[in-house]
Amino acid sequence: MMKGVYNWIDERLDITPMWRDVADHEVPEHVNPAHHFSAFVYCFGGLTFFITLIQILSGMFLTMYYVPDIINAYKSVDYLQHKVAFGVIVRGMHHWGASLVIVMMFLHTLRVFFTGSYKAPREMNWVVGMLIFFVMLGLGFTGYLLPWDNKAYFATQVGIKIAASVPYLGGYIQTFLQGGDIVGAQTLTRFFALHVFFLPAVLLALLGGHFYMIRKQGIAGPL
Amino acid sequence: MAHGPKSNEKIVYVGDSRVIKRSNKPVAYDYAAYPGKSEVFIPNFLLKEWMVAVVALVGVLVLVMSDPAPLGYPADPTNTSFIPMPDWYFLFMYQLLKYPYASDQYVVIGTLVFPGLLFGGLLLAPFLDTGKERRFYRRPIASALMFLSLISVIYLTVFSWHHYTKELEATGTIPEHIKAEEERQAAKKSGQPAPSAGKTTQVAAIVDESDPAAQIYQKSTCVSCHGADLKGQAAAKIPALRGVGDKHDKAGLLAIMKNGVGSMPPGQYDASKAQGLSDADLDKLADWLAKQKKAQ
């Protein structure tokens, strides 16, 4: 039955080459921890992606309860964490995942750096990887405000104040992030939009580029 | 094409004759370029990767269950005693701004120069380190710079946290998310419903609004900052007088009127008297303000 449906679609759209292109490659011995345990350092990139998936999924569930306005933001997080079944697990995964994704990405960056894997022809992939790093930091900064407790509020206030001290551009950055005279209702909705729509969209586009380049260029050879 | 009665027609995709076929594409190295025990990605290697992912997932869940995500008290812009602290991965940049050579008139060094050099260097690493050599011990400059950056970032992060804990000790502060969690646990133990966090954000009602002291308040100098509705000004960190009776008694309120507190200037008592209020009026006012307690 499934095979019949697949063949019916494949005859019309020729989809086999698309996924065979992803599936049909082999993993060389020098990056396979099953053969050389020290090759576990090559797992960090995959783990970063895995935790990113956890972040996307848990974040999608969090938005079912979260309300991005200054009256209800804290209350909705409080309700989600203390009243909703498994809410504490979902929010916990998103909270700890946010730190772990930074840790894993940091380790992955160090692995690529110290194995010299960013050298020609893979320079562009390194640059895209660093852009992913910056987007992740942006996601961390915008997400930190959303629970709207004192820790979130004052960290954001200080962060924006530091950004505002940049010469020439500081004022514009402050207006862009804050949206008003103080960290308030405008800031919260802005950070929510950035955290949930803009930055994830950029992240997915960059991840697509990152993975496309890995497939195109292959894994760097053994040292 | 595809108009005939033939039902077993197979669509064959052909190239576009107008597009010149390129032949100098970079040749991707495939696994065959590296002799050894290579393994197919799907399904063999992916299943092994999934096992690693499951172990990581168990680790995450253990962490989630042992340490629930923190949640303090609702954001209160008028709170002046809160020690601001960014998330841990921003601490190294935050700590940098505390050193005299990267703050005040040199703040550009802390906000632009150091982070710019660090992130700019990382971003452009492949174009700065262009040699063919890949082993890190054969690339002394690149590796030394990376080790130096690593050590500085770790040092700054650790000491930022160290300063924070010292500051907490010096001010006798318990971080709010810990305090809030303890309150929730205590409420749970005593069988009370968990303290509803929303309550603290609610604006307290004015007690005894018809009291003649409410009229005295409108004539005093208090109004100019704390507002005719006693709500204060959150943006300027001027606290609301609604519920002020929870924090100060009558004597304390009179002292504040005379001597000021925090950023509130002294001499409001005499200034109000200059506006035509008597000592008896101000006594009534202090009485009334001391009665401003939040409804339980």
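At 45% relative accessibility, A:Tyr79 is partly exposed, a class that lies between buried (under 20% relative accessible area) and exposed (over 50%), judged with a 1.4 Å probe on protein chains only. A:Tyr65 is likewise partly exposed, with a relative accessible area of 37%. The model is a predicted one, in which local features need pLDDT of at least 70 and side-chain atom pairs count only at pLDDT 80 or more, while totals for chains, interfaces and linings use all residues. Residues are numbered from 1 along each chain as its sequence is written, chains are lettered from A and ligands numbered from 1 in the order in which they are written, and side-chain values use heavy atoms, leaving out hydrogens and water.

Over all chains, 26 aromatic pairs are found; such a pair joins rings of Phe, Tyr or Trp (its six-membered ring) with centres within 6.5 Å, and is stacked if the planes are under 30 degrees apart, edge-to-face if over 60 and tilted for the rest. A:Tyr65 and A:Tyr79 make a tilted pair, with 6.4 Å centre to centre and 50° between the planes. A:Tyr65 lies in the loop between α3 (44-62) and α4 (73-82) of chain A and A:Tyr79 in helix α4, so this pair ties together parts 14 residues apart in sequence. Helices here are DSSP runs (H or I, at least four residues), as are strands (E, at least two), numbered from the N terminus.

A:Phe113 and A:Phe114 are edge-to-face, because their ring centres are 5.3 Å apart and their planes stand at 90°. Both A:Phe113 and A:Phe114 are buried. Over the face of A:Phe113 lies B:Arg139, 5.4 Å from the ring centre; the criterion is NZ of Lys or CZ of Arg within 6 Å of the ring centre and within 35 degrees of the ring normal.

Turning to the interface, 80 residues of chain B and 79 residues of chain A take part in the contact (heavy atoms within 4.5 Å). The two chains bury about 7,200 Å² between them, 70% of it on carbon and sulfur atoms, where buried area is the accessible area (1.4 Å probe) lost on putting two parts together, summed over both. The count between the chains is 1 salt bridge, a side-chain nitrogen of Lys or Arg within 4 Å of a carboxyl oxygen of Asp or Glu. B:Asp129 and A:Lys119 meet in a salt bridge at 3.0 Å, N to O.
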